[in-house]
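Reader: Can you walk me through this one? I have not seen it before.

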Amino acid sequence: VVEVDSTIWLMTLLVLTPLVYWCMNLDLLHVGGFLCLTAYSLLAVGFVVGHVLETDTLWLTPTLPTDARKILILFSGDSTYMLMKHY
């Protein structure tokens with residue numbers, strides 16, 4: 001069961017109803033153009049969201065030291081058994 005909030009219903013009614021009414025009065029060529037424009041707009045929004053997620057992920061992820069000895073210091077005092085025990 002999918003529950004949809006009343007604000008989602010209202011936003012859908014306010015956004016999609018005028019678009020459907022407008023598209024009903026278009027001929028076939030203009031409907032295809034509208035669908036192409038809508039598809040490319042969704043693609044552009046997807047690229048923007050993907051870029052924002054990538055920059056946030058790279059900003060939040062800590063960087064590892066480049067020197068291997070410093071990486072080993074991070075795990076000093078731990079045994080393989082203790083690391084595997086948590087999983």
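Predicted model: local features only at pLDDT ≥ 70, side-chain atom pairs only at ≥ 80, totals over all residues.

Reader: How many helices and strands does the chain have?

Author: Four helices and zero strands. Both are DSSP runs numbered from the N terminus, helices being H or I with at least four residues and strands E with at least two.

Reader: What about α1, how many residues and what reach?

Author: α1 has 19 residues and reaches 26 Å from first C-alpha to last, close to the 27 Å expected. The expected span is 1.5 Å times one less than the number of residues.

Reader: Where does α1 bend?

Author: At Leu 16, by about 30°, with Pro 18 following within four residues. The bend is the angle between axes fitted to the seven residues ending there and the seven starting there.

Reader: Is Leu 13 buried or exposed?

Author: Leu 13, which lies in α1, is exposed at 51% relative accessible area. Buried means under 20%, exposed over 50% and partly exposed in between, with a 1.4 Å probe and protein chains only.

Reader: Changing topic, how many salt bridges?

Author: One, counting a side-chain nitrogen of Lys or Arg within 4 Å of a carboxyl oxygen of Asp or Glu. Arg 69 pairs with Asp 67, their closest N and O atoms 3.2 Å apart. Arg 69 is exposed at 61%, while Asp 67 is partly exposed at 27%.

Terms used. Residues numbered from 1 in each chain as written. Heavy atoms only, no water.
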